[in-house]
Amino acid sequence: MKYICDICGYVYDPVLGDPDGGIEPGTEFKDIPDDWVCPLCGVGKEDFSPLE
C-alpha cells in the first residue's frame, strides 16, 4: 500500500522505496524505521496517511 505525506503530498511507494533515504525497494511503510522523514518536507512517519 502507498502512503501520502499529509503536508506536501509526497507518495511513498513500497515498490520504489526511498533509496536516497536508505530505504530499499520492497520495504513496506510499517517496516521503515521510526526516525525516517519525508524526503521532500522533512516530517515524520506520523504525518503520512494510507493512499486509497
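The side chains of K2 and D13 meet in a salt bridge, 3.8 Å from N to O. The term stands for a side-chain nitrogen of Lys or Arg within 4 Å of a carboxyl oxygen of Asp or Glu. K2 sits in the segment before β1 and D13 in the loop between β2 and β3, so the pair ties together parts that are 11 residues apart in sequence. K2 is partly exposed at 40% relative accessibility, while D13 is buried, with a relative accessible area of 15%. Here, buried means under 20% relative accessible area, exposed over 50%, and partly exposed in between (1.4 Å probe, protein chains only).

A quick word on what you're looking at: this is a predicted model, where local features need pLDDT of at least 70, side-chain atom pairs count only at pLDDT 80 or more, and totals for chains, interfaces and linings use all residues. Residues are numbered from 1 along each chain as its sequence is written, and side-chain values use heavy atoms, with hydrogens and water left out.

Back to the charges: the count comes to three salt bridges. In one of them, K45 joins D34, with the closest N and O atoms 3.9 Å apart. Both K45 and D34 lie in the loop between β2 and β3, so this pair ties together parts that are 11 residues apart in sequence. K45 is buried, at 14% relative accessible area, but D34 is exposed at 70%. There's also K30 with D31, whose closest N and O atoms are 3.2 Å apart.

Now for the strands (DSSP runs of E, at least two residues, numbered from the N terminus). Three of them form an open sheet in the order β2-β1-β3, with antiparallel pairing. At the edges are β2 (11-12) and β3 (48-50), each pairing on one side only. Two strands count as paired if DSSP finds at least two bridges between them; β1 (residues 3-5) and β3 have three, in the antiparallel sense. Take Y3: its bridge partner in β3 is P50.

What makes up the largest nonpolar core? It has 10 residues in all: C5, Y10, Y12, I23, F29, I32, W36, C38, V43 and F48. Such a core is a set of buried Ala, Val, Leu, Ile, Met, Phe, Trp, Tyr and Cys residues joined through side-chain atoms within 4.5 Å. In soluble globular proteins, nonpolar side chains tend to be buried together.

Leaving out residues up to four places away in sequence, W36 touches Y10, Y12, D18, G21, I23, F29, V43, G44, K45 and F48, where contact means heavy atoms within 4.5 Å.

Technical notes:
Helix = DSSP H or I, 4+ residues; strand = E, 2+ residues; numbered from the N terminus.
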